[in-house]
Amino acid sequence: MEAERLNQKYANAARSDEFGPWYVLDNAAMIFPVMSDRVATYLFRLAATLTEPVHLPSLSAALARIAPRFPYYMVDLHRGFFWNYLQPLDKIPAPVLDTLYPVQDFDVRKRGQFPFRVRVRGRRIALEMHHALSDGGGALIFFKTLLAWYFRLRGIESEPAPDVFDPDAPPHPEEYEDAYNRFFRSELPVPESRPNAFRISSPLLPPYQFRVTTGILPVNKVKEVSKGLGVTVTELFCAAIMDALQEIRKSYPAWMRRRSGPMATLEVPINMRKIYPSRTMRNFSLYFMPSVDLRLGHYEFGELAELVHHRIKSESPEREIPRQIARNVGLSRKQYVRLLPLGVKEVAMRAAYNSMGKRFMSGGVSNLGLLTLPEPLGSRVERLECLMPPSRVTCGNLGAVTWEDKIYANFGSLMKSREVERLAFKRLASLGIPVRLECNMEDPL
Amino acid sequence: MSTNVANIRMARTLFQSTGGRYYMLDNAAIIMPAISDLVATSLFRIALVLDEPVRLPILQHALSNIAPRFPYFLVELRRGFFWYYFQPSRRPPVVIADLGSPCQGLDPRKARSHLFRVRARGRRVACEFSHILADGYGGLIFAKTLLAEYYRLLGVPSEPAPDVFTLDSEPNPHEWEDAYHRFFRENWPHPAPLPRAFRPPGPALPLGQYRVLTGILDLEAARREARARDASVTELLTAALMYAYQGIWESLPAPARRRKECMAAVEIPVNMRRFYPSRTLRNFTLFILPSVDLRLGPYTFEELVRIVHHRVALQNEEREIARQISRNAGGGRKLLVRLVPLVLKNFFARLLYDSLGEGLITGLLTNLGAMTLPAPLDRKVERFEFVPAPSRSLKTNAAVCSWNGELHITFGSRAQSREVERRFFAVLSSINLRARIECDADPPSEC
C-alpha cells in the first residue's frame with residue numbers, strides 16, 4: 001500500500017510552485033538532456049510525405065490549434081539545482097524549414113525553444129522530437145493529430161480515432177504521468193550486466209551532416225521471407241544488421257577485434273503501454289537486447305534469425321523487462337542520488353552512460369509496425385517514415401515503418417562508413433526481397 | 001595445425017610405463033574422484049527387466065565373455081602424485097546380487113575394485129557405472145553387449161547392431177580416447193559466469209539409502225502435449241521440474257526467499273557425439289542449463305515451457321557448448337595446473353566444482369531418448385531403467401528414457417522429502433499426463 005502511494009506520488013509529473021506550474025522529466029528522459037549535444041541530438045523523427053505540396057498557412061494554423069491539447073509538450077527545458085525540469089512556454093509553435101540533414105543542429109538546453117520542431121518542405125511534414133519529451137508512442141499521437149487537423153483545415157474531414165486527439169477535450173492527467181515510476185516494483189532484481197558490444201570504427205561525417213539511407217521494401221515479400229525463417233519482421237531486420245556487423249568484424253585485423261567488444265547487441269524498443277495500462281504521452285518504452293557472440297565463428301543468416309528470435313522470446317516482457325524499471329527508477333529514488341546537485345549528477349550520468357549504457361549496444365531496431373491514419377487521410381499520405389536518434393558510437397540504427405504495402409526502413413548514421421547499411425540491405429536483397437534505396441547524400445550504396 | 005597435433009596427443013589416454021599399461025582419466029572424469037565418496041558415489045545405473053528370471057550362471061558366463069572386449073573398463077582407480085589414473089585390474093568381473101539401494105555402497109576413491117558392477121535379481125539385470133569410467137552412452141553399449149551375449153549363450157542370437165559390440169572384434173583405440181581434448185578449440189571463449197541456483201532445503205536420507213521413484217507415462221500422449229506447446233518432451237519435462245522447484249520456493253518463508261540463490265536451473269546433459277564424430281566410450285557429455293529467475297515469478301507452467309524452449313534452443317548449439325570444452329580442457333592443459341600435486345588439485349577441484357558446476361544447478365534431468373535393441377532381443381526386454389548418479393548437493397535428479405511406447409521418468413533422490421517428485425508429477429497430471437508411479441519403498445499406486 002505504502003509502495004503504491006509512493007509510486008503515485010512519484011508518477012505525478014506536474015508540479016506547481018510560486019513561479020507557476022512545471023513538469024518533472026520522466027525517469028527515462030532524465031539522462032537525455034545530459035547526454036545530448038548539437039550533433040547527437042537525441043531527436044527522433046516522424047515524417048509524412050503527402051500526395052500534394054504542403055500548404056504552410058494551414059499547417060501553422062493546425063499546429064497552433066492542437067497545441068493547447070498537448071500542454072505537456074509546450075514547454076522548454078530548464079536547469080534546476082537538483083534536476084532538469086520542463087516549464088510551460090508561452091509561445092505558439094510554428095513550422096520551420098526542413099533541410100537536407102534531419103535531426104541535426106538542435107540544442108535542447110536553449111531557453112525559449114520547444115524541445116520539438118515541426119519541419120516542412122515540399123510535400124513533406126516532419127516532427128522531430130527530443131527524447132526528453134516523449135518516445136515514439138507519444139509523438140505518434142501528436143503527429144497524427146497534427147496531420148488530421150492539417151487536413152481538416154484543408155477541407156478534408158476524417159473519422160475520429162483513438163490515437164487522434166480532439167483539441168477541445170481537456171488533457172487527461174494520466175497523459176503526463178511518469179509511468180515508469182507508477183509501475184515501479186522495488187522487489188524486482190536489477191538486470192544482469194551485459195558483455196561489451198562490437199562497434200565498427202569509422203571516422204564521423206562533418207558536423208551537422210547526417211546520412212539517411214532509406215530502403216523501401218514490399219511488405220508482402222518481407223513477411224513471406226520472415227515467415228519462412230519462422231521469425232518476425234523486427235527479428236529479420238535485427239538479423240540482417242547482426243549479419244552486417246559479423247561481416248565487418250571478420251574484415252578487421254585481430255588487434256582491432258580484440259579492442260572492441262565481442263557481442264553484436266541490438267536495442268529493440270518495446271512499447272510498455274502494451275503491457276501496463278498507461279495513457280502516458282511521456283516516455284514509456286524499454287528494450288529487448290538480442291545479442292549474439294561474434295567470437296563463436298560464422299553464423300549463417302538463418303541461424304542468426306533463429307537466435308534473435310529465441311533471445312527475444314525467452315525474455316518475457318512482463319517479467320524480464322520491468323527489471324529495467326527496477327534499476328532505473330530504483331536508482332533515481334535513492335536519497336543520496338536526489339541530493340546531489342545537478343552538475344555532479346551530470347558528471348556521474350555521463351560516466352555511467354559511457355561505461356554502461358552505450359557500451360552494451362551495437363545498434364538498434366525500432367519497428368513501429370503498420371501505421372494507419374483515419375480514413376480518408378490514408379490516401380492523402382504517400383509515405384510515412386521514422387528515424388532513430390543519431391549516435392556517434394553505434395551504427396546500424398534502423399527505424400522502420402510499414403505504410404500501406406511498403407516498409408520504409410531508415411538507417412540514420414553519423415559515420416562515414418556505409419558498410420552496415422550496405423551489407424544489411426544486400427543481405428535482405430539476397431533473400432529475394434526487392435530493395436529500392438534512397439539516400440539524402442550523393443553516392444548512394 | 002599445431003592445435004590438431006596437440007589435440008591428438010592430449011586425447012591419448014593409454015600409456016605404457018615400467019609398471020605396465022595405465023590409462024589417464026578423461027577431462028570430465030579428472031574432477032570426479034575428488035568429489036565422490038560413499039554418498040555421492042558417481043554411480044549411474046542402467047537396468048534391464050527381462051521377461052523371465054535371469055539365469056545367473058549364464059549371466060556370469062556372458063560377463064566373462066564380453067570383458068576382454070572392454071579392456072578400458074576393467075581397471076581400478078589409483079592415485080598418482082599429479083593425477084589419478086586407471087590401472088588394468090587382474091580381478092575378473094563378477095555378477096553380484098541387486099540388494100539394497102541402487103548406486104550405493106561403493107566409494108570410488110577407496111575401492112580396490114572395478115568402477116562398474118553388474119547386479120542381478122529376479123528378472124532384472126543392472127549395470128552400475130561410475131562416471132569416472134564412462135557416461136551413459138558407454139554404459140549403454142556395455143549393457144546391450146552383455147544382454148546380447150547372455151541371450152546368445154541361451155541360444156537366442158541377435159542381429160548385429162552398431163551399439164552392440166561383437167566379441168571377436170578388436171577394441172578400437174578411439175573407444176578410450178579423451179574426446180574433450182581431441183575436439184578442443186584454442187582461443188575459444190569460456191562460458192559466461194552464471195548466478196547460483198536455488199536448492200530445495202530439507203534433510204537427507206541416512207547413509208546408504210537412495211530412493212528411486214519412477215513415473216511411467218504414455219509416450220504418445222507426452223509427445224502430443226509437448227508438440228501442442230511447440231516444445232520437445234525434454235523441454236516439457238524440464239519445465240515441469242522448474243515448476244516443481246518454483247512451488248517449493250514459493251512455499252518458503254520470505255527471509256529464505258531473499259537469499260541470493262534464486263535461479264531454478266535444470267542441467268540437461270548433451271551427448272557430444274551428436275556434434276563431433278567420436279567413438280569414445282569414456283565421458284563425452286556436456287551440459288546445457290536452462291534457468292529462470294524465481295524472483296520474477298510466479299510463472300505459469302505454460303510460460304515455463306515457452307521460456308525453456310527458447311533458452312534450450314539458444315544453448316543447444318555446438319559453438320555454445322564448445323565453450324565448456326574450452327574452459328575445462330584448457331584448464332587441464334595449463335602447465336601450472338599440471339604441476340600441482342594431486343592433494344592440492346583435489347582441494348581446488350572441490351571449490352571449482354561448486355562454483356562452476358553444482359552450485360549453478362538446482363537439479364539434473366537427463367533424457368536418453370528412445371531405447372533400441374536388435375531383434376529379437378527387443379521382445380525379451382520389458383523395460384529399461386535409468387537411475388541418475390547420487391550427488392551430495394543436488395539431492396533429487398531425474399533420468400528419462402522411453403521404451404515400448406512408454407516414457408519412464410526415474411527420480412533418484414537422497415532427500416527425505418518427496419516434494420520435488422510429488423509436485424513434478426502433479427503438474428504433469430494437470431495437463432492430463434497421469435503417471436503410474438512406482439517406488440521401491442511403496443506398492444504401485446496411481447498419482
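1. A residue counts as buried here if 20 or more other C-beta atoms lie within 10 Å of its own. By that rule, buried residues make up 46% of the 445 residues in chain A. The structure is a predicted model.

2. Chain A contains 13 helices and 17 strands. Its C-alpha atoms fill a box of roughly 60 × 55 × 40 Å along the principal axes. Of the contacts in chain A between residues at least 6 apart in sequence, 78% join residues at least 24 apart.

3. Chain A and chain B touch: 14 residues of chain A are in contact with 12 residues of chain B. On the chain A side, the largest share comes from helix α9 (residues 301–314) of chain A, with 5 residues. That side of chain A divides into 4 nonpolar, 4 polar and 6 charged residues.

4. Chain B is divided into domain 1 (2–182) and domain 2 (211–446). The centres of these two domains of chain B, taken over C-alpha atoms, are 23 Å apart. Their contact takes 58 residues from domain 1 of chain B and 46 residues from domain 2 of chain B. Elements that each supply at least two residues on the domain 1 side are α2 (32–35), β3, α4 and α5 (179–182) of chain B. By class, that side of domain 1 has 36 nonpolar, 11 polar and 11 charged residues.

5. Chain B also holds an open sheet of 5 strands, in the order β6-β7-β8-β3-β14, with mixed pairing. Strands β6 (95–97) and β14 (381–387) of chain B stand at the edges; each has a single partner strand, so one side of each is left without a neighbour in the sheet. On average, neighbouring strands of this sheet are turned by 25° against each other, direction ignored.

6. Within this sheet, which strand pairs with β7 (residues 116–121) of chain B in the antiparallel sense over 6 bridges? The partner is strand β8 (residues 124–130) of chain B. In β8 of chain B, B:Ala126 is the bridge partner of B:Arg119.

7. Helix α4 (residues 136–153) of chain B lies across β3 (43–50), β7 and β8 of chain B, and runs at about 30° to β3 of chain B.

Conventions:
Residues are numbered from 1 along each chain as its sequence is written. Chains are lettered from A and ligands numbered from 1 in the order in which they are written. This is a predicted model: local features need pLDDT of at least 70, side-chain atom pairs count only at pLDDT 80 or more; totals for chains, interfaces and linings use all residues. Two strands pair if DSSP finds at least two bridges between them. Helices (H or I, at least four residues) and strands (E, at least two) are DSSP runs, numbered from the N terminus. Axes are lines fitted to C-alpha atoms, for helices over the stretch in contact, and angles run from 0 to 180 degrees between N-to-C directions. Two residues are in contact if their C-beta atoms, placed from the backbone, lie within 7 Å. Ala, Val, Leu, Ile, Met, Phe, Trp, Tyr, Cys and Pro count as nonpolar, Asp, Glu, Lys and Arg as charged, and the others, Gly among them, as polar. A residue is buried if 20 or more other C-beta atoms lie within 10 Å of its own, exposed if 12 or fewer, and partly exposed in between; C-beta atoms are placed from the backbone. Domain bounds come from an automatic or database domain assignment.
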